Amino acid sequence: MPAFDRHILLMGLRASGKSSLARLLGARLGMDWLDLDARTPSVAGRDTVRQVFELAGEAGFRAAELEALHQVLVEPPAVIALGGGTPTATGASGFLTGATNAGAPLIYLRAQPDTLAARLAEAEEQAGNEHRPSLSGKPITEEITEQFEARDPLYRELATQIVDVDGLEINDAATRVIEAIAN
């Protein structure tokens with residue numbers, strides 16, 4: 001498959017595989033890729049997502065995230081891993097809808113809360129969770145279940161395609177995304 005001539009947007013909750021899939025899809029499709037969570041701190045003048053949350057709060061983070069989204073959508077086509085909460089930022093749905101109206105697929109990488117909680121616990125155990133701060137201070141299983149219940153309807157509404165990633169290895173998930181955007 002030749003390089004895609006529009007952005008490919010990956011949306012989902014934390015640990016749904018957005019960043020890993022963006023990297024793999026970029027390689028498979030011959031496209032650049034980027035992680036909005038890596039771009040947002042620099043827009044806010046900080047080094048990490050955690051720093052932005054600690055110093056500017058969630059509202060400050062969402063404002064920086066919205067600006068980062070605006071910036072990347074006017075850059076050359078790339079595979080873009082959105083932050084888990086990007087679609088919840090005031091104004092983000094307008095940018096995302098504009099991108100999909102221009103032909104960019106917005107893929108919802110949907111995973112159940114128990115899958116996401118297990119992935120987050122594993123990441124915490126392996127390397128710490130510096131870039132994925134708790135938004136509520138609640139235990140991860142409770143927090144991720146609440147986020148899923150709150151965000152799943154919005155993600156479904158915005159998505160041009162939904163790829164269920166429960167139980168999929170990353171290569172299989174990438175293949176499913178490529179199949180979704182090819183149709």
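This is a predicted model: local features need pLDDT of at least 70, side-chain atom pairs count only at pLDDT 80 or more; totals for chains, interfaces and linings use all residues.
**View 1. Helix H2 meets helix H3.** The axes of H2 and H3 come within 7 Å and cross at roughly 110°. Angles of 65 to 115 degrees count as roughly perpendicular, so H2 is roughly perpendicular to H3. By class, 10 nonpolar, two polar and four charged residues make up the contact of H2 with H3. On the H2 side, the residues are Leu36, Asp37, Arg39, Thr40, Pro41 and Val43. Their counterparts in H3 include Val49, Val52, Phe61, Ala64 and Glu65. Also in H3, Glu67, Ala68, Leu69, Gln71 and Val72 take part.

**View 2. Five strands form an open sheet.** The strand order is S2-S3-S1-S4-S5, and the pairing is parallel. Strand S2 (32-35) and strand S5 (161-164) are the edge strands, as each pairs on one side only. From one strand to the next, the twist averages 20°.

**View 3. Strand S3 pairs with S2 and with S1.** S2 and S3 run parallel and are joined by four bridges. Here aspartate 35 stands opposite alanine 81 in S3. S1 and S3 also pair in the parallel sense, over three bridges. In this pair, valine 79 of S3 is the bridge partner of isoleucine 8.

**View 4. The side chains of S3 point two ways.** In a regular strand, side chains alternate between the two faces of the sheet. In S3, Ala78 and Ile80 point one way, while Val79 and Ala81 point the other way. Are these four residues of S3, Ala78, Val79, Ile80 and Ala81, buried or exposed? All are buried.

**View 5. Strand S1 pairs with S4.** S1 and S4 run parallel, with three bridges joining them. Leucine 9 stands opposite leucine 106 in S4.

**View 6. Helix H4 has buried residues on one face.** Which residues of helix H4 (residues 92-101) are buried? They are Ala92, Leu96, Ala99 and Thr100. Seen down the axis of H4, these buried residues fall within an arc of 95°, so they line one face of the helix. An α-helix has 3.6 residues a turn, so residues three or four places apart point the same way.

**View 7. The buried residues of H4 pack against strands and helices.** The strands they pack against are S1 (8-11) and S4 (106-110). The helices are H3 (49-73) and H6 (140-158). After H4 comes glycine 103, which has a positive phi, near 105°.

Key:
Residues are numbered from 1 along each chain as its sequence is written. Side-chain values use heavy atoms; hydrogens and water are left out. Buried means under 20% relative accessible area, exposed over 50%, partly exposed in between (1.4 Å probe, protein chains only). Helices (H or I, at least four residues) and strands (E, at least two) are DSSP runs, numbered from the N terminus. The arc is that of the directions from the helix axis to the C-beta atoms. Contact means heavy atoms within 4.5 Å. Two strands pair if DSSP finds at least two bridges between them. Axes are lines fitted to C-alpha atoms, for helices over the stretch in contact, and angles run from 0 to 180 degrees between N-to-C directions. Angles under 35 degrees count as roughly parallel, over 145 as roughly antiparallel, 65 to 115 as roughly perpendicular and the rest as oblique. Ala, Val, Leu, Ile, Met, Phe, Trp, Tyr, Cys and Pro count as nonpolar, Asp, Glu, Lys and Arg as charged, and the others, Gly among them, as polar.
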